[in-house]
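Welcome! Here is a short briefing to read alongside the sequence and the 3D view. Take a look at both, then follow the topics below.

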Amino acid sequence: MLQIMQAPQRYIAHLDLDSFFVSVEMLNDPSLKGKAVIVGGSADRGVVTTCSYEARKFGVRSAMPMKTAMKLCPHAILVRGTRGEYSRYSRWVTEIIAAKAPLFEKASIDEFFIDLTGMDKFFDPYQWTIDLRNEITETTGLPISFGLASNKMIAKIATDEAKPNGYLFVQPGMEKEFLAPLPVNKFSGVGESLHTKLNQMGIYTIQQLSNTPIGLLEKVLGKSGADLWKKAQGIHEGIVQPYHESKSISTENTFEENKTDEGFLLSELVRMTEKVAYELRQDGKLAGCIAVKIRYPNFDTTSKQTSISYTLRDDELIPVAIDLFHKLYQKGQPIRLLGVRLSELTSHVLQGSLFDESDKKGDLYKAIDAVKNKFGKGALKKARTVRSQEKNNPPKG
């Protein structure tokens, strides 16, 4: 008799470090505990990166202009942020999860998904996740919330409902019941415009959305209507993407002639670092490690890497690349190949951008990338690179 194999019950945990940047600041300065704290840029032009729950009570939210935030909560303590510490704590939590989890995805600097499917034969997934959460909190001192469910979407929403510093298990089969009373803008992708349209249709809760005919939603909202209806049924098929620190962005150049001119080599290094930093920003990533590679004419190849504070900025990557080059290069030796690699990549969400999107430098990078997107990657170059190229390729005639 033919037996039909039933797919194993899925168990997906979503872990989110609560107000991560604020929590790190409080660990480093305990006097901030229990106070309204805002981490972000300058009071004039900055934006709120994150804030404590005491500040949220006054309506302060991430991505809000700092001026607005300070009007809502004038007594808040403004902290510019210690970026190296955020990178250090993020790596610390990642190492704890990597040592325990069978399969995990680092969704951002402070957010993780773990796939525990099939592991219920050996242990209780809920208790396992509680134990992991407790270990993270006890080891690092950071508060962390989690949601456990049958898919990534439900797990993430459960985490939001469990905050601050709590946890919630949505039992398999209870997805629709869990979602039913929640507002429709709990779904990612439901911004102000779509939220308003749904409200105009008389749809305020996910249960109302679930009961609305899919044909009507498609007619009014197009393809997003069908996607929303599916979400309202508690259905989500996204998989946990395995986290690999080896994931990287790199570039290298094999020279037609071996090069010994250090000025040229450094300018080439700057050009390549700019290139990979641009690609990093286009991919919406931050890098936590940079490496420089050198190959000599006899094919002897050496490389050197170093961990850095998570960043996406040229001006922070270039000095490190130059320092690595000087430590690596056998002075005076001709070079056949030069390369730069960025690794330990993590998602660049707003909270993880680590610099104010509205500050002068943020505006500058957005303007530079816009020019490169329109006219090509070579449309803008640093003066050092241009001068070196002119020296090595003088105009003819």
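**First look**

Cys73 counts as buried because its relative accessibility is 0%; buried means under 20% relative accessible area, exposed over 50%, and partly exposed in between (1.4 Å probe, protein chains only). This is a predicted model, in which local features need pLDDT of at least 70 and side-chain atom pairs count only at pLDDT 80 or more, while totals for chains, interfaces and linings use all residues. Residues are numbered from 1 along each chain as its sequence is written, and side-chain values use heavy atoms, with hydrogens and water left out.

**The whole protein**

- You will find 15 helices and 13 strands here, taken as DSSP runs numbered from the N terminus (helices are H or I, at least four residues; strands are E, at least two).
- Of the 397 residues, 46% count as buried.
- The exposed surface comes to about 19,700 Å², and carbon and sulfur atoms supply 52% of it (Shrake-Rupley method, 1.4 Å probe).
- Taking contacts between residues at least 6 apart in sequence, 67% join residues at least 24 apart, where contact means heavy atoms within 4.5 Å.

**Cysteines**

- A search of the whole structure finds zero disulfides, meaning pairs of cysteine sulfur atoms within 2.5 Å.
- For Cys73, the nearest cysteine sulfur belongs to Cys51 and is 8.5 Å away.
- Cys289 is buried too, with a relative accessible area of 2%.

**Nonpolar cores**

- A nonpolar core is a set of buried Ala, Val, Leu, Ile, Met, Phe, Trp, Tyr and Cys residues joined through side-chain atoms within 4.5 Å.
- The largest one has 67 residues, and those with the most contacts inside it are Phe20, Ile97, Ile114, Leu269 and Phe325.
- Helix H12 (residues 262–282) gives this core its largest share, nine residues.
- A second, separate core has 22 residues, including Ala158, Val170, Leu182 and Leu209.

**Helix H12**

- H12 is mostly covered, with 16 of its 21 residues buried.
- From first C-alpha to last, H12 reaches 30 Å, close to the 30 Å expected at 1.5 Å a residue (1.5 Å times one less than its number of residues).
- After H12 comes Gly284, whose phi is positive, near 65°.

**Ser23 in helix H1**

- Ser23 is part of helix H1 (residues 20–28), and it counts as buried at 10% relative accessibility.
- Leaving aside residues up to four places away in sequence, Ser23 touches Asp18, Leu142 and Pro143.
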